[in-house]
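Thanks, everyone. Let's talk about pockets. Please look at the model on the screen.

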Amino acid sequence: MTLPLDTKSALVTGGSRGIGAAIATRLAADGAGVVITYNSSPSAADRVVEAITAAGGRATALRADSADPAQLQAAADAANAEHGKIDILVNNAGIGTGGPFDKTPLEEFDRTMAVNVRGPFAAAQAVLPHMPEHGRIINIGSVFADRTPFGGLSAYVTSKAALAGMTRALARDLGARGITVNNVQPGPISTDLTPSDGEVHAVMTAATALRRFGTPEEIAGLVAYLVSPEAAYITGATLTADGGFTA
Ligand code: NDP
């Protein structure tokens, strides 16, 4: 049976849990050979690889802290060594810190920017020599870049707004090579990053038109579309999947 991504390979940062795990699983189910990175949860990464492999897919996991460009370079080189090219880069790894603006240590700001902004920038640079024409770069931003419902998110929101700008800039820089670059902005999605109950969960749920959190698989479906041939003319775009949070 021919699958849509049979001849493709993908590098998914932060693929061990949450949205990244769902994206890796979906791309592998569509036929891609997938390499996932993680930072601190090797057992979770192993479980994702085992599940993909058990389902007949191709996947491996590597530790690569997205805050460290050398580790991202090593991950890109390893993915290329394994698959001979990298057709798809999904910059998913991200951290969500929070707290009062005037109490936010600059070290926390720097770490957030290093993982959420410099990481995708460095990963794209590392992957580029291995990326053929018709390559795809997908950044996972956040709807908070467009609408910030609470205080206490200054570093995180700054990082995701920067990622949206970077997406437009890289789309211009890489368009002549036939590579598209897009930004997927999830709304509230049920993962370890988000509260599973309590006041914030209730407020976020009520703020969506659909009155529910989304699932990681619903974000993975949008990514699967963006890497498909149908999305060949979409680049520099921010696509929001937020259950109507910004409606
Ligand atoms: P999770 O916290 O559930 O998972 C984060 C993933 O990223 C894990 O695999 C984690 O691996 C990895 N990761 C974290 N830090 C690093 C690092 N320094 N280097 C490499 N990998 C790292 O997050 P989500 O799945 O919820 O979020 C994924 C992306 O989606 C993020 O960019 C987030 O900002 C964005 N997003 C999420 C929303 C939500 O509601 N969940 C809403 C909007 C955007 P490990 O455990 O090994 O550290």
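First, a term. A pocket here is an open set of grid points with protein on both sides within 12 Å along at least five of seven lines, and a lining residue has an atom within 4 Å of a point. Keep in mind that this is a predicted model.

Start with the second largest pocket. How many residues line the second largest pocket? There are 13. A28, A29, A55, G56 and G57 lie nearest its centre. Two elements give two or more residues to this lining: α1 and α2, the latter spanning 42-54. The largest share is from α1, with 3 residues. By class, the lining splits into 7 nonpolar, 4 polar and 2 charged residues. The space in this second largest pocket is about 190 Å³.

Now the largest pocket. Its space comes to about 1,100 Å³. The lining has 46 residues. Which of them lie nearest the centre of the largest pocket? G94, I95, G96, T191 and L193 do.

Next, the elements around it. Those giving two or more residues to the lining of the largest pocket are α1 (18-29), β2 (33-38), α4 (106-127), α5 (154-174) and α6 (199-207). Here, the largest share also comes from α1, again 3 residues. So how does the lining of the largest pocket divide by class? It has 21 nonpolar, 20 polar and 5 charged residues.

To recap on α1: this helix gives the largest share to the lining of the largest pocket, and the largest share to the lining of the second largest pocket. That's my part.

Methods
Residues numbered from 1 in each chain as written. Predicted model: local features only at pLDDT ≥ 70, side-chain atom pairs only at ≥ 80, totals over all residues. Heavy atoms only, no water. 1 Å grid on protein atoms, 1.4 Å probe; cavity = no way out; pocket = protein on both sides within 12 Å on 5 of 7 lines; lining within 4 Å. Points joined across faces, edges and corners; volume = space filled by probe spheres on them. Helix = DSSP H or I, 4+ residues; strand = E, 2+ residues; numbered from the N terminus. Nonpolar A, V, L, I, M, F, W, Y, C, P; charged D, E, K, R; others polar.
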